[in-house]
Amino acid sequence: MSDPAPRSMFEKLLYVGIATFFLWPFVQLWSIKAIPVFESDAHLRASVALENLMEGALSRPFERSFSSPFEAIPGCEDLGLVGRVEILPHPEFPANVLVRTQVRWGVFPLTKNLSLEYLRARTRP
Amino acid sequence: MNMTMTMKTSRTGITLWEIALFTVFLAVAGGASVFFFFLNSDDMKRAQQKFAWVQNINDMLDEVSNEIANSAQFEHPFNGSSRECFFRTAADTGALVPSVLEEGFVFADGSLTYVARNAAATTGMKRLGRFANPLVTNCRDGKFTRVSPGRLEISFKADSPDGSVTSREFIRVIQLRNQ
């Protein structure tokens with residue numbers, strides 16, 4: 001038996017390339033944090049809940065600053081969906097406020113969140 | 001001496017980590033083929049149809065919300081909840097159309113319909129955007145609730161056409177922008 005020879009740099013790059021070719025789709029799935037065929041319904045529900053949260057926040061009386069903790073969203077308890085509303089002065093346009101809503105679900109390593117922002121003025125255009 | 005060392009390190013055989021790499025690729029390929037068979041299965045087709053149905057209703061609700069949110073004046077329900085809602089729209093010129101001409105959405109006969117009414121009658125419209133009337137069929141408990149002066153909530157429960165999903169609840173909150 002002969003002891004194995006070290007591979008050349010070219011061969012090592014070739015192995016890395018082949019491995020990347022095989023594993024790249026899984027990397028992409030990891031990067032979007034979802035497997036579309038299984039989790040698209042959860043995403044759809046979360047996005048609708050996000051819009052509802054935003055519309056609710058916009059129909060509140062005008063405030064310059066407001067922040068709520070993450071609270072469970074009724075109707076989506078099976079998903080474990082929690083959402084929050086933040087209202088903060090816009091960093092560049094002092095007359096406007098930024099309304100930001102976020103929803104979050106999932107357990108720690110696979111936590112997903114969606115956020116939506118809306119620029120609001122005190123007076124209507 | 002150096003010559004014999006070089007000869008001795010010639011490439012023969014297959015190393016352990018090459019076997020491991022081969023096994024990993026084999027596992028990935030096997031898993032992928034099983035997964036593709038699963039993607040072709042009836043279960044998956046049914047799930048896709050269900051999702052398409054839900055997404056279609058949500059797209060339709062987007063259109064309805066857009067129409068209601070941008071109505072020039074929201075007339076009914078003024079408070080409480082109702083199975084129908086009516087509002088005045090703005091004309092393309094920006095003028096308000098006469099108050100006898102109103103548009104609205106009605107939950108009736110297990111469906112949601114886009115209607116127009118005037119002093120004489122209420123008639124169904126042909127379509128709302130790309131959605132033909134009735135906008136939703138097989139829906140129950142549909143109502144429009146005026147939660148607060150600037151906020152309307154639409155909620156209903158719907159069954160999918162093939163009967164695989166029952167009582168899926170759809171809720172939309174709308175900020176009435178012009179109130």
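**Exercise 1. A leucine in chain A**

Is Leu53(A) buried, partly exposed or exposed? Work out where it sits and what it touches.

*Ground rules.* This is a predicted model, in which local features need pLDDT of at least 70, side-chain atom pairs count only at pLDDT 80 or more, and totals for chains, interfaces and linings use all residues. Residues are numbered from 1 along each chain as its sequence is written, chains are lettered from A and ligands numbered from 1 in the order in which they are written, and side-chain values use heavy atoms, with hydrogens and water left out.

*Solution.* 
- Step 1. Find the element. Leu53(A) is in helix H2 of chain A, residues 36-58. Helices (H or I, at least four residues) and strands (E, at least two) are DSSP runs, numbered from the N terminus.
- Step 2. Read the accessibility. Leu53(A) has a relative accessible area of 22%, so Leu53(A) is partly exposed. Buried means under 20%, exposed over 50%, and partly exposed in between (1.4 Å probe, protein chains only).
- Step 3. List the contacts (heavy atoms within 4.5 Å). Not counting residues up to four places away in sequence, Leu53(A) touches Gly83(A), Arg84(A), Val85(A), Thr101(A), Gln102(A) and Val103(A).

**Exercise 2. One of its partners**

Describe the surroundings of Thr101(A).

*Solution.* 
- Step 1. Thr101(A) belongs to strand E4 of chain A, residues 96-105.
- Step 2. Its relative accessibility is 0%, so Thr101(A) counts as buried.
- Step 3. Leave aside neighbours within four places in sequence. The contacts of Thr101(A) then include Leu50(A), Leu53(A), Met54(A) and Ala57(A). Arg84(A), Val85(A), Leu114(A), Ser115(A) and Leu116(A) are also among them.
- Step 4. Step back to the whole chain. Chain A has two helices and five strands. Along the sequence they follow the pattern α-α-β-β-β-β-β. Of its 125 residues, 30% count as buried.

**Exercise 3. Where the chains meet**

Describe the contact between chain A and chain B.

*Solution.* 
- Step 1. Count residues. Chain B gives 30 residues and chain A gives 30 residues.
- Step 2. Take the area. About 2,600 Å² is buried between the chains, and carbon and sulfur atoms give 57% of it. Buried area is the accessible area (1.4 Å probe) that two parts lose on being put together, summed over both.
- Step 3. Count salt bridges. There are four between chain B and chain A. A salt bridge is a side-chain nitrogen of Lys or Arg within 4 Å of a carboxyl oxygen of Asp or Glu. Glu18(B) and Arg7(A) form a salt bridge, at 3.0 Å from N to O.
- Step 4. Name the elements on the chain B side. Helix H2 (16-39), helix H3 (42-69) and strand E12 (168-175) of chain B each give two or more residues. H2(B) supplies the largest share, eight residues.

**Exercise 4. Salt bridges inside chain B**

Which parts of chain B does the pair Arg172(B) and Asp62(B) tie together? Then compare the setting of Asp43(B) and Arg46(B).

*Solution.* 
- Step 1. In the salt bridge of Arg172(B) with Asp62(B), the closest N and O atoms are 2.6 Å apart.
- Step 2. Arg172(B) lies in strand E12 and Asp62(B) in helix H3, so the pair ties together parts that are 110 residues apart in sequence.
- Step 3. Arg172(B) is buried, with a relative accessible area of 4%. Asp62(B) is partly exposed, at 33%.
- Step 4. Turn to Asp43(B) and Arg46(B). Their closest N and O atoms are 3.4 Å apart, in a salt bridge. The two residues are three apart in helix H3 of chain B, so about one helical turn separates them.

**Exercise 5. Rings in chain B**

Why does the pair Phe74(B) and Phe87(B) count as stacked?

*Solution.* 
- Step 1. State the rule. Rings of Phe, Tyr and Trp (its six-membered ring) pair if their centres lie within 6.5 Å; planes under 30 degrees apart count as stacked, over 60 as edge-to-face and the rest as tilted. Over all chains, this gives 11 aromatic pairs.
- Step 2. Apply the rule. The ring centres of Phe74(B) and Phe87(B) are 6.5 Å apart and the planes are at 10 degrees, so the pair is stacked.
- Step 3. Place the residues. Phe74(B) is in strand E1 (residues 73-76) and Phe87(B) in strand E3 (residues 84-88) of chain B. Both Phe74(B) and Phe87(B) are buried.
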